[in-house]
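Dear colleague,

I am handing over the structure below, together with some notes on what was found in it. Please read them with the coordinates open beside you.

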Amino acid sequence: MTQNLPADFFIFTSIRYEPSLRDATVNLPYYLLPFHLARLRTAAAAFDLPKVREILEDEESALSLLTTTVNNAVPDKTKPWRVNVRLTPGGHVAASATSLPPLKNNIMSLPDVEALPQFLQKEVGRRGLTYWDVVVDSLPTPASLFTGHKTSVRDMYNAARARVGLVSYDEPREILLWNENGEVTEGSITTVYLWREASGSGARRLVTPPLQCGPNAGSTRRYALSKGLCDEEAVKLEELKDGDEIWLSHASDGFFPGRLRFLNK
C-alpha cells in the first residue's frame, strides 16, 4: 500500500489538551490518549507503514511519545488546545496546536451505568447542551481506507462540507455522510450515533455504523464502544427522517446532540 500513497501522505490524530481537568478515566489533560494510540496503530497496519508500526509497538514508549509530542506543541499550558499529531510513512512525528475555547457543559466522560443512552438524554437539559444542525448530504461518500482512518487525504470530506456551505469548524453544524449503498457512515468531523428501538422492551438504544460501512475508526467511537454506549449496526438513509435526534462525538468536544435536516424534504 505504501507505494501507492501520495508523496505528502500522513496519518494523524487530534488530541485535546485540557489543563482545567484531571480525570484519569479519560486520561485528561490528554483526552482519551490510549484510544488515540489505538487509532494510529490501526491506521499504520491498514496502510502498511512498518516504520510507524515499529515506533508505536511498545505501549509505554508510544504513550510517552504522544505525551511528549503534545507537550512540546502546546505553547501555553494554562489553556486548552487541539493538538494534531502526524506520522509520515518514514516515521517522522510532527504536531501543531490550535487554540480551543474553554470547556463549558461538555460531556467528556461516560459514567459506569447501564443506561448510558438515557444518561445522555438527561444531560441535554441539565447541562443546557446545544443541538447541532446536522444536514444530510445530497451525494454519497464511498467507503475506503481513507474514510476508515484519519489521514491527510481529506478531499471527500472537504467536498461534502462545501456542498452544504460548511466553512467554520467552530460553529455547531455538521453534515451526515452516507456510502454508495445508502448506509449512514459518519459526519465530516464526527462519529454519529442513531436511536433504535430495543427489541421487545420499548426502550431506545444507540447504534453507530460498523466499520465495514466506511466510518472513521475515531477515538471517541472506540471509547463509546468500550463503555457500552452503543452497538454497531448498519442504518439505511431511508430509515431516517427530518428532525430526528442523533448524537455526535469528536475528540475536541466529547459528546453532544444534533438534529437531522434533509435539504430536499
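Strand E2 (residues 81-87) pairs with E1 in the antiparallel sense, and seven bridges join the two; within this pairing, Ile-15 stands opposite Val-83 of E2. Please bear in mind throughout that this is a predicted model.

The pairing belongs to an open sheet of three strands, which follow one another in the order E1-E2-E3 and pair in the antiparallel sense. Strand E1 (11-17) and strand E3 (93-99) are at the edges and have a single partner strand each, so that one side of each is left without a neighbour in the sheet. On average, and with direction ignored, neighbouring strands of this sheet are turned by 20 degrees against each other. Helix H3 (residues 59-73) lies across E1, E2 and E3, and its course makes an angle of about 50 degrees with E3.

The other element I looked at is helix H1 (residues 33-46), whose 14 residues reach 20 Å from the first C-alpha to the last, close to the 20 Å expected at 1.5 Å a residue. Its buried residues are Leu-33, His-36, Leu-37, Arg-39, Leu-40, Ala-43 and Ala-44. Seen down the axis of H1, these buried residues fall within an arc of 160 degrees and so line one face of the helix. The cover over the buried residues of H1 includes strands E1 and E2, together with helix H2 (50-56), H3 and helix H7 (219-227). Just after H1, Asp-48 takes a positive phi of about 55 degrees.

Technical notes
Residues are numbered from 1 along each chain as its sequence is written. This is a predicted model: local features need pLDDT of at least 70, side-chain atom pairs count only at pLDDT 80 or more; totals for chains, interfaces and linings use all residues. Side-chain values use heavy atoms; hydrogens and water are left out. Two strands pair if DSSP finds at least two bridges between them. Helices (H or I, at least four residues) and strands (E, at least two) are DSSP runs, numbered from the N terminus. Axes are lines fitted to C-alpha atoms, for helices over the stretch in contact, and angles run from 0 to 180 degrees between N-to-C directions. Contact means heavy atoms within 4.5 Å. The expected span of a helix is 1.5 Å times one less than its number of residues. Buried means under 20% relative accessible area, exposed over 50%, partly exposed in between (1.4 Å probe, protein chains only). The arc is that of the directions from the helix axis to the C-beta atoms.
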